[in-house]
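Me: I am new to this structure and would like to learn how to read it. Please take me through it feature by feature.

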Amino acid sequence: MCGLVGIAGNLLYHDEHALKRLLMNDFFRGEHSTGMAAVRMTGEVFTSKIAADPIQLFGLKSFYTALNGNASRAFLGHNRHATRGKVETVNAHPFTFGDITGMHNGTLDYKSFRRLQDELKEEFSVDSMAIIAGIDRLGIEKTISLCTEGKDSKEGAWAIVWYDAKDKSLNFLRNQHRPLWYCYEKDFKKMMWASEWWMMQAAINEAVNKYDLYTEKTKEGNVAFFSFKENVHYKYDLAKLCQGSDKRPK
C-alpha cells in the first residue's frame with residue numbers, strides 16, 4: 001500500500017504548506033520513501049525523493065528548490081510502502097521517462113509485470129517504474145491492456161497520477177483495487193487529491209490560508225470530496241485549470 005497526494009492549478013505560496021501537510025498525512029500509507037514533483041508554469045519538472053519519511057525529504061535542498069508555489073502549476077506527492085524492490089531512493093516515486101513524470105499506488109500481478117517488461121524490452125526493479133515507462137513509450141491504453149490481459153493473470157491494482165510534458169496535462173487513472181479522491185476550490189482554479197479524503201480535510205483544516213471548496217448537495221448533505229471513477233482517464237490541461245471556470249470541469 002502506498003499513498004498519492006497533490007495540488008494543481010493556480011498555486012500560491014500557502015499551497016507549499018498544504019503539500020507538506022498532505023505528505024505528512026499520507027505517511028501512514030507509506031513509511032518507506034517519500035517523493036514529490038513540481039511542474040513549473042513553463043512545463044519544466046523538478047523532482048525530489050528519498051528512501052525515508054517526509055521530515056527527511058523536507059530537509060533536502062532539492063525539495064526546497066522544487067517547492068515553489070508561485071512559480072508552479074502542480075505539486076505531485078507520493079509515500080511508498082515497498083512491496084516489490086529494495087527500499088532505496090532510486091525506487092522511490094516519482095519516476096520520469098521521456099515526457100512522463102508519474103507515480104503509482106498498487107501492485108501488478110507477476111505475470112503482468114513480466115509481460116510489460118517484455119514489451120518494453122527492459123528490466124525494472126519495481127513494477128511502478130515499468131508502468132510509468134510504459135505510459136511514455138506505449139501510451140496509457142496499451143500499458144493498461146498489458147497489465148490486464150491473459151487468462152492466467154490476475155488484474156493488478158493501480159491508482160496512477162502522471163504529468164505529460166508533451167501536452168502539459170495532468171492525468172489520473174484508478175481501478176477498483178485502489179482509492180483516489182479529489183476536491184476543487186469554488187472557482188475551479190485549483191484541485192487537490194489524496195488516496196483518502198480525510199487527508200485533504202486535515203490539510204485544509206491546518207492550512208495557512210482558507211480553502212473555499214466547491215460542494216454538491218446530496219441526500220447526506222453537502223459533499224466536497226469526490227472519488228475518481230474506476231477505469232476512467234481524467235485529463236486536465238494545466239493552463240486551463242489555472243484559469244478556472246464557472247462550471248465543474250468535465
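Me: What should I know before starting?

Reply: This is a predicted model, in which local features need pLDDT of at least 70 and side-chain atom pairs count only at pLDDT 80 or more, while totals for chains, interfaces and linings use all residues. Residues are numbered from 1 along each chain as its sequence is written, and side-chain values use heavy atoms, with hydrogens and water left out.

Me: How many residues does the largest nonpolar core have, and which have the most contacts inside it?

Reply: A nonpolar core is a set of buried Ala, Val, Leu, Ile, Met, Phe, Trp, Tyr and Cys residues joined through side-chain atoms within 4.5 Å. Buried means under 20% relative accessible area, exposed over 50%, and partly exposed in between (1.4 Å probe, protein chains only). Here the largest such core has 29 residues, and I7, L19, M36, F63, M192 and Y211 have the most contacts inside it. Among the elements giving it two or more residues are strand 1 (3–9), helix 1 (14–26) and strand 2 (33–40). Helices (H or I, at least four residues) and strands (E, at least two) are DSSP runs, numbered from the N terminus. Another core, of 25 residues, lies apart from it and includes A37, A159, M191 and L238.

Me: Which residues does Y211 touch?

Reply: Contact means heavy atoms within 4.5 Å. Leaving out residues up to four places away in sequence, Y211 touches I7, H14, D15, A18, E185, K190, M192 and I204.

Me: Why is strand 4 described as largely enclosed?

Reply: Strand 4 (residues 72–80) is largely enclosed by the rest of the structure because 8 of its 9 residues are buried.

Me: In which sense does strand 4 pair with strand 1?

Reply: Two strands pair if DSSP finds at least two bridges between them. Strand 4 pairs with strand 1 in the antiparallel sense over 6 bridges, and F75 in strand 4 is the bridge partner of I7. With strand 2, the pairing is antiparallel over 8 bridges; there, S33 stands opposite R80 of strand 4.

Me: What is the volume of the largest pocket?

Reply: On a 1 Å grid over the protein atoms alone, a pocket is an open set of points where a 1.4 Å probe fits, with protein on both sides within 12 Å along at least five of seven lines; lining residues have an atom within 4 Å of a point. Grid points are joined across faces, edges and corners, and a volume is the space filled by probe spheres set on the points. The largest pocket has a volume of about 230 Å³. Strand 14 (234–237) and helix 8 (238–243) each supply at least two residues of its lining.
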